[in-house]
Amino acid sequence: MSALATKAVDSGTSGRRSRLGWNIIGLFVFAVVGFPVYWMLNTAFKPAKDAIDPDPSIFPTGLTLSNFSRALDIADFWGPVGRSLLVSVVVVLIGIVIGLLAALAISRFAFRGRKIVIVGILAVQMVPLVAMIIPVFLLLNDLGQYDRLTGLIITYLTFVLPFTVWTLRGFIVNIPKELEEAAMVDGCSRTGAFVRVVFPLLAPGLVATSVYGFIQAWNEYLYALMLLSQQNQTATVWLGNFTTKHGTEYAPMMAGATMMAVPIVVLFLLVQRKMAAGLTAGAVKG
């Protein structure tokens, strides 16, 4: 065998070992990330007495749906879920509209204070949410928005909107300006060029940003707990009903968490094809 052939064989073997190593690492990461979800489902379907067993079994020994019935009976479920859906959808719609306009202005126009705006957006995202709970509470109380869904929506926009602006800015920057300029040369106005050229290419970015914004609003717990009464509680706060003075009902709680995860899973299944970016690759030839 020649030296060139031997080198090629060694290179192929090294490549297979490298892929095997990365596959093992990928499986390990998947196991670490997916185990909490598996344990939630495992606990949700096992008998309640098995959920508090000090020596739990990794694999379910029995399946039951009684935990879901208990979760629905312990407190109102559909009310909190409906309020969470309403708040999350409104936050995403407002955030996308305002965030898109702001991201477009930052990405396509040069104006005084542009860098300050970008730094401000980053700075806002660095502030822990718990640090703003008292100022937000006092402000909403003065505005008469305490214990109202509108006040919670305004509060959620304070952290969803900066995330939306920053994310959409990244997608818009990756769309070549030459596409808009070519459309304007052909007779389109700036608005027409954006609607006909940029907006379709921006669709994956809008979908991805909307999904992550929805998840942020749907999973938020602290502000929903502090700013709403029990009559107006959202789905995340509703899970606290399983902790009583007699202890925590872990199996019904996991059943409730499983039902809460259903809207997110359905949303991902509906938009998974739009989550991929990079549709502008090769749009402009050098």
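This is a predicted model: local features need pLDDT of at least 70, side-chain atom pairs count only at pLDDT 80 or more; totals for chains, interfaces and linings use all residues.
Residues are numbered from 1 along each chain as its sequence is written, and side-chain values use heavy atoms, with hydrogens and water left out.

The protein chain has twelve helices and two strands; helices (H or I, at least four residues) and strands (E, at least two) are DSSP runs numbered from the N terminus. Read from the N terminus, the order of elements is α-α-α-α-α-α-α-α-α-α-α-β-β-α. Of the 286 residues, 34% are buried, where buried means under 20% relative accessible area with a 1.4 Å probe, protein chains only. The accessible surface (Shrake-Rupley method, 1.4 Å probe) is about 17,300 Å², and carbon and sulfur atoms hold 68% of that surface. Contact means heavy atoms within 4.5 Å. Among contacts between residues at least 6 apart in sequence, 73% join residues at least 24 apart.

Helix α12 (residues 250–271) takes part in both helix pairs described here. With helix α9 (residues 190–219), its axis comes within 11 Å and crosses at roughly 180 degrees; axes are lines fitted to C-alpha atoms, for helices over the stretch in contact, and angles run from 0 to 180 degrees between N-to-C directions. The two helices are therefore roughly antiparallel, a label for angles over 145 degrees. From α9, Val207, Val211, Phe214, Ile215 and Trp218 meet Met260, Pro263, Ile264, Leu267, Phe268 and Val271 of α12. This contact has eleven nonpolar residues and no polar or charged ones. Ala, Val, Leu, Ile, Met, Phe, Trp, Tyr, Cys and Pro count as nonpolar, Asp, Glu, Lys and Arg as charged, and the others, Gly among them, as polar.

Helix α3 (residues 66–74) and α12 have axes that come within 8 Å and cross at roughly 85 degrees. The pair is therefore roughly perpendicular, the term for 65 to 115 degrees. Asn67, Phe68, Arg70, Ala71 and Leu72 of α3 touch Ala251, Pro252, Ala255, Gly256, Thr258 and Met259 of α12. By class, these residues are seven nonpolar, three polar and one charged.

Ser88 lies in helix α4 (residues 78–108) and is buried, at 1% relative accessible area. Beyond its neighbours within four places in sequence, Ser88 contacts Phe214, Ala217 and Trp218. The Ser88 side chain also reaches the backbone nitrogen of Trp218 at 3.4 Å. Phe214 and Trp218 are also among the α9 residues that meet α12.

How values were computed
Buried means under 20% relative accessible area, exposed over 50%, partly exposed in between (1.4 Å probe, protein chains only). A polar contact is a pair of N or O atoms within 3.5 Å; within protein, one must be able to donate a hydrogen and the other to accept it, and residues adjacent in sequence count only if both atoms are side-chain atoms. Angles under 35 degrees count as roughly parallel, over 145 as roughly antiparallel, 65 to 115 as roughly perpendicular and the rest as oblique.
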